[in-house]
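Grab a pencil and open the viewer.

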Amino acid sequence: MSSCYGVRYRYDADSTRYGLDFTQGSWLMNRVTAPSAIEAALNKLAVEKFSNYLGDRLSYYWQLNGVFLPATISKTDLSPELLLKIRNETQKEFFINCFGNVMRDNIGGLQLGDIDGYQANESWIVLEVYDLRTQQRIYYQKVIGDVTVEDDNRDVAFAKTANGMIKKGFKKILKKIEKTKVTP
């Protein structure tokens with residue numbers, strides 16, 4: 001006997017309903033912050049997608065030379081003061097920031113035998129864009145994924161891993177951007 005458990009993905013209620021306007025401005029993208037096992041793949045995907053939209057108007061935070069900014073930026077660092085400093089140091093107009101996190105990772109991709117108690121995987125990913133001229137967030141998408149296995153399961157259970165849900169959530173965000181974007 002075996003059971004497959006489907007993931008439920010949902011957009012955070014505060015997610016932006018409109019698209020991004022890529023027709024103007026100079027853009028700076030931060031490195032995607034996520035669990036180390038998937039961080040490189042998410043960064044590669046982000047670079048690919050946003051460079052298609054923006055071409056040579058896109059720069060990467062991790063490639064900046066000769067500026068007096070922190071080597072890395074986390075979500076908690078994004079104060080209006082830091083956003084203004086990024087603007088002044090780089091002369092960029094928009095800042096793309098993306099980060100994901102695992103909340104629970106109790107189920108592997110394959111669970112064998114008795115499951116004692118409630119088991120779940122839950123993770124989320126956020127993509128946000130700031131207007132550096134005003135230091136305001138102008139775009140926000142958060143996708144949350146979760147899967148649960150009943151506590152009375154005695155079979156083989158297949159479920160998506162928490163890291164896999166972050167990757168799929170990121171693809172959902174990029175798909176939504178693709179549908180609603182404005183490009184030159």
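**Exercise 1.** Which residues of α1 are buried?

*Solution.* Before we start, note that this is a predicted model, where local features need pLDDT of at least 70, side-chain atom pairs count only at pLDDT 80 or more, and totals for chains, interfaces and linings use all residues. Residues are numbered from 1 along each chain as its sequence is written, and side-chain values use heavy atoms, with hydrogens and water left out.

Step 1: get the cut-off. "Buried" is under 20% relative accessible area, "exposed" is over 50%, and "partly exposed" is in between (1.4 Å probe, protein chains only).

Step 2: go along the helix. The buried ones are Ile-38, Leu-42, Asn-43, Leu-45, Ala-46, Phe-50, Tyr-53 and Leu-54.

Step 3: look at what covers them. The cover includes strands β3 (27-29), β4 (58-60), β5 (94-105) and β7 (119-131), plus helix α3 (162-180).

**Exercise 2.** List the elements of the protein chain in order, starting at the N terminus.

*Solution.* Step 1: helices (H or I, at least four residues) and strands (E, at least two) are DSSP runs, numbered from the N terminus.

Step 1: count them, and you get 3 helices and 9 strands.

Step 2: write the order, β-β-β-α-β-α-β-β-β-β-β-α.

**Exercise 3.** How do β3 and β7 each run relative to β5?

*Solution.* Step 1: strands pair if DSSP finds at least two bridges between them.

Step 1: β3 and β5 are parallel, with 3 bridges; Leu-28 has Phe-95 of β5 as its bridge partner.

Step 2: β5 and β7 are antiparallel, with 11 bridges; Val-102 is partnered by Ser-123 of β7.

**Exercise 4.** Which residues is Ser-59 in contact with, leaving aside neighbours within four places in sequence?

*Solution.* Step 1: find Ser-59 in strand β4.

Step 1: apply the contact rule (heavy atoms within 4.5 Å). That gives Trp-27, Leu-28, Met-29 and Lys-92.
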